[in-house]
Amino acid sequence: MSTILAFAEARDGELRNVSFETISAAKQIDGDAQVVGVVLSDQNTEALADEMIHHGADRALVVEHADLKEYTSDAFTQAAMAVINEEEPDGIVMGHTSAGKDLSPRLASKLDNGLVSDITGIEGSGDDAEFVRPIYSGKAFEKKKLADGLTFVTIRPNNIAPLEKDTNRSGEVSSLDVDIKDIRTVIQEVIRKTSEGVDLSEANIIVAGGRGVKSEEGFQPLYQLADELGAAVGASRGACDAGYCDYSLQIGQTGKVVTPDLYIAVGISGAIQHLAGMSNSKVIVAINKDPEANIFNVADYGIVGDLFDVIPKLTEEIKALKV
Amino acid sequence: MNIYVLMKKTFDTEEKIQVSGGAIEQDGAEFIINPYDEYAVEEAINIRDEHGGEVTVVTVGDEDSEQQLRTALAMGADKATLINIEDDVEDGDQYTTSTILATYLKDQEVDLILAGNVAIDQASGQVGPRVADQLDIPYVTTITGITIDGQQVNIEKDVEGDVEKVQTSLPLLVTCQQGLNEPRYPSLPGIMKAKKKPLEELELDDLDLDEGDVEAKTETTDVFLPPEKEAGKVLEGETDDQVKELVSLLRTEAKVL
């Protein structure tokens, strides 16, 4: 039986959603495989391991170490390599997140292995598995397969649906001691700019504003709508450049690539660089006063109108739904 | 300080993508320096201007890649190396590129290597970390700030919108993120000077590599365009009606609320 490692990603003692998606991806790669949830963290690893099992991992392996609090390439490489050497897996799945993007190429290099990054779909299974990934900023797609060696992929968050959580699932949780040393990049401080609200890359709904929002205050109605929807707020480069909001909100070719279920583009013209970051969203709504705006070409639903008129009314309408 | 910049040429961001014969049609396309690599070139020049030394821009490509190297020289880089694999490598991947770059860099005196954090065409983000691993030097990805004091390096790193302050030391590889700087445009005198700056051209042979040493570990089996999206529905009527209809459609038709 083959073994596939599904790497969880913990943040502040909790798992990010993409952790569960790695399990589901591993099952798609090989339905008969034994999927091992791997948790690398400084705390709470037993509970996180159980969560991986509840989401479909057959068993779990944890490394708990004080140096695994914040992600550093050196500490996580040592922990991950210890796990890989212990398990000798046939496949590895990680999230294509900030940490996953940093760690996976180094592991692939150490293993002298190929790596298919940022996949959004899996076709076929076993040795014939092919991986679909966007290229040219989502303007095209390619299918890739690994030559010899491990099946090693990173998955784009929000694209491969996790399995249903079932707390009746059980599995063995084992722990591995790893001697972590020689960390050459030391994190001195983390400045949180995104602590408020919903994580953009994992959000199911995003309300994004562009130049049409006109000012920092102009974003307020968007935040109110987002609050009602449980959505994250994003922005186009134009809005960030104009100083209406922080660059941490930027969606596009430079900036974040997102694939929410619902993307509401407000006062965004739809430059090709912005589309690169959001055009794969499942449903797109465009609200813009210019009927010729390019965003309408990718939108499923459009409203031509003044956003300062439309957005508050939309917020009220959503509020009314809940009553 | 010996500074190296890893560069790739990519399609101009405005370029329309067409597929023929299972590959992206390259003929007639305009190429540019990968935008993230431009941040790397700009930062390398600034670091050299402050600390002295030399900036060498390196690319693995074909004879047309000279154009992007000349652009980097015109911005202010001192030397360029083109590793031309046109005749040797049919279908390379990130393993191919990083092995070639690491083999070249092993023979150089290197203090700092800068690269883009991702190329906007293949967008794997693998080459930087792979090169650092092969050279056994530390790396920091997606940096938005860097200051160097002797051997010590202080970095600001973008982590999905948060900022991490990281301390490390030379030799080092970093990959550059938007926000690091505003890349300059080459000046006319810069362009004139660039024509006379040294540009070395190497092939795999010169690095004691053969095709087998750099054989890809992944295979591309198909390239295709996303399905054309059907025209969306523009809602009619007064704002109140539009909003009501939108919410209703999102609930019943799109089923996302």
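**View 1. The buried residues of helix H1 in chain A.** In H1(A), the buried residues are Val18(A), Ser19(A), Phe20(A), Glu21(A), Thr22(A), Ile23(A), Ser24(A), Ala25(A), Ala26(A), Lys27(A) and Ile29(A). That leaves the helix mostly covered, with 11 of its 12 residues buried. "Buried" is used when 20 or more other C-beta atoms lie within 10 Å of a residue's own, "exposed" when there are 12 or fewer, and "partly exposed" in between, with C-beta atoms placed from the backbone. Helices (H or I, at least four residues) and strands (E, at least two) are DSSP runs, numbered from the N terminus. What you're looking at is a predicted model, where local features need pLDDT of at least 70, side-chain atom pairs count only at pLDDT 80 or more, and totals for chains, interfaces and linings use all residues. Residues are numbered from 1 along each chain as its sequence is written, while chains are lettered from A and ligands numbered from 1 in the order in which they are written.

**View 2. Helix H3 of chain A and its surroundings.** Here's another helix that passes the length check: the 15 residues of H3(A) (residues 73-87) should span 21 Å, and its end C-alpha atoms are 21 Å apart. Its buried residues are Ser73(A), Ala75(A), Phe76(A), Gln78(A), Ala79(A), Ala80(A) and Val83(A). They pack against strands S1 (3-7), S4 (34-41) and S5 (59-64) and helix H4 of chain A, together with strand S9 (139-149) of chain B. Packing here rests on contacts, meaning C-beta atoms, placed from the backbone, within 7 Å of each other. Just after H3(A) comes Glu88(A), with a positive phi of about 40°.

**View 3. Helix H4 of chain A meets helix H4 of chain B.** The axes of H4(A) and H4(B) (residues 127-135) are 8 Å apart, and the two helices pack at an angle of about 45°. Axes are lines fitted to C-alpha atoms, for helices over the stretch in contact, and angles run from 0 to 180 degrees between N-to-C directions. The pair is therefore oblique. Under 35 degrees counts as roughly parallel, over 145 as roughly antiparallel, 65 to 115 as roughly perpendicular, and the rest as oblique. H4(A) brings Asp102(A), Pro105(A), Arg106(A), Ala108(A), Ser109(A) and Lys110(A) to the meeting, and H4(B) brings Pro129(B), Arg130(B), Asp133(B) and Gln134(B).

**View 4. Helices H5 and H8 of chain A.** These two axes come within 9 Å and cross at roughly 20°. That makes H5(A) roughly parallel to H8(A). Among the residues making the contact are Leu222(A) and Leu225(A) from H5(A), and Ile311(A) and Ile318(A) from H8(A).

**View 5. Two nonpolar cores.** A nonpolar core is a set of buried Ala, Val, Leu, Ile, Met, Phe, Trp, Tyr and Cys residues joined through C-beta atoms within 7 Å. The largest one has 62 residues, and Val5(B), Ala72(B) and Ala77(B) touch the most other members. Helix H1 of chain B (residues 35-51) gives the most to this core, with seven residues. A second, separate core of 55 residues includes Val36(A), Leu40(A), Tyr71(A) and Leu107(A).

View 6. Most residues other than glycine have a negative phi, and most peptide bonds are trans. Asp112(A) has a positive phi, near 55°. You'll find Asp112(A) in the loop between helix H4 (98-110) and strand S7 (116-119) of chain A, and it counts as exposed, with 10 C-beta neighbours inside 10 Å. Lys214(A) also has a positive phi, about 75°. Lys214(A) lies in the loop between strand S14 (205-209) and helix H5 (220-229) of chain A, and is partly exposed, with 16 other C-beta atoms within 10 Å. Over in chain B, a cis peptide bond joins Leu170(B) and Pro171(B), with omega about -10°. Pro171(B) is in the loop between strands S11 (162-169) and S12 (172-176) of chain B.

Note on methods
Two residues are in contact if their C-beta atoms, placed from the backbone, lie within 7 Å. The expected span of a helix is 1.5 Å times one less than its number of residues.
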